Amino acid sequence: MATEAAATTASKFPKPDLLPIPQPPDFHPTVLIPSQNDKLRFWHLMVAGSIAGSVEHMAMFPVDTIKTHMQTIRSCPIKPVGITQAFRSIIKTEGPSALYRGIWAMGLGAGPAHAVYFSFYEVSKKYLSGGNPNNSLAHAVSGVFATVASDAVFTPMDMVKQRLQIGKGMYGGVWDCVKRVMREEGFGAFYASYRTTVLMNAPFTAVHFATYEAVKRGLREISPEFVGRGEEEEGLLVYATAGAAGGGLAAVLTTPLDVVKTQLQCQGVCGCDRFKSSSIGEVFRTIIKKDGYRGLARGWLPRMLFHAPAAAICWSTYETVKSFFHDVNGAAV
């Protein structure tokens, strides 16, 4: 009887084809998006980063020149200087071409530095994220590694660039500036601001990259219409928006250290103070003594106006070049 009852029950309630697989209590499956970088070689990332950095800095160079003029503290009494006032002063006293003085130094430094920057970032992110594209800590730490490496490449030319920006008629060009600094101040002058630059760019990059990845992910989740060609390839609008948000926020937060960096790189040029050492504390005290705490915020607005669109341009260019290499590789397979 029992056997017949069991058979009857089985016929009425057939066994399903698919049975649930028991999982541990803490099992929560995560959807991971495969990265297109897995198909790109190291030199692809370097070329993409180099192009992106060059386009970014060359496009926004006049704003950077205005920021440098606003941040330099001379021996004469200090007066508050706004963006409009600084712009008019440069045009009136030196002409429109002064907005681009030093741009070749920027070009020589930005390309190689950004090649190192982005390639170090991508490689570090790949190994630190553990395959999880939503790991914000891995993005931030990878950004710090990238900036320490790239600053070693960029700092010398950044110093030359800033001296040319404010030193009207003082140098005959990039190579004249390099030779004179080497002869009069020694090789160490090219790296006088390196510690400050790293201390500034480490938090800058951490905030920048973490914000960029978070905003990009948020836009993809909240507004699917922002996506360009599927989940793996967001549209240019996503890159630009996320890049601008990350660059603008990071720029404002790190302005005090940028002011210190400018003082160290421009010391002794056109009346700027010369410091006994490259001590960050000494420069901080000098700025506060001469200009008060507001001196540490000099140039925050043009710095933000530079980095927000610059980051948008940079990320859009970088991701576009990466997509180009990815498409070429895919076609070749």
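## Salt bridges and a helix crossing

Glu184 forms a salt bridge with Arg180, and their closest N and O atoms are 3.5 Å apart; a salt bridge here is a side-chain nitrogen of Lys or Arg within 4 Å of a carboxyl oxygen of Asp or Glu. By this rule the count comes to 16 salt bridges. The structure is a predicted model, in which local features need pLDDT of at least 70 and side-chain atom pairs count only at pLDDT 80 or more, while totals for chains, interfaces and linings use all residues. Residues are numbered from 1 along each chain as its sequence is written, and side-chain values use heavy atoms, with hydrogens and water left out.

**Salt bridges within helices**

- Side chains of opposite charge can pair when their charged atoms come close.
- Glu184 and Arg180 both belong to helix α7 (residues 174-184), where they are four residues apart, about one turn of the helix; helices are DSSP runs of H or I with at least four residues, numbered from the N terminus.
- Glu184 is exposed, with a relative accessible area of 51%, whereas Arg180 is partly exposed at 21%; buried means under 20% relative accessible area, exposed over 50%, and partly exposed in between, using a 1.4 Å probe and protein chains only.
- In helix α8, Glu213 and Lys216 are three residues apart, about one turn of the helix, and they form a salt bridge whose closest N and O atoms are 3.6 Å apart.
- Glu213 is buried, with a relative accessible area of 7%, and Lys216 is buried as well, with a value of 11%.
- Lys125 forms a salt bridge with Glu122, with 3.7 Å between the closest N and O atoms, and both residues are buried.
- Because Lys125 and Glu122 are three residues apart in helix α5, about one helical turn separates them.

**A network of salt bridges**

- Asp64, Lys67, Asp158, Lys161, Asp258, Lys261 and Arg303 are linked in a network of salt bridges.

**The crossing of α5 and α8**

- The axes of helix α5 (residues 103-128) and helix α8 (residues 194-222) come within 14 Å and cross at roughly 65 degrees; axes are lines fitted to C-alpha atoms, for helices over the stretch in contact, and angles run from 0 to 180 degrees between N-to-C directions.
- Tyr117, Tyr121 and Lys125 of α5 make the contact with Thr205, His208, Phe209 and Glu213 of α8, where contact means heavy atoms within 4.5 Å.

Note on methods. Helices (H or I, at least four residues) and strands (E, at least two) are DSSP runs, numbered from the N terminus.
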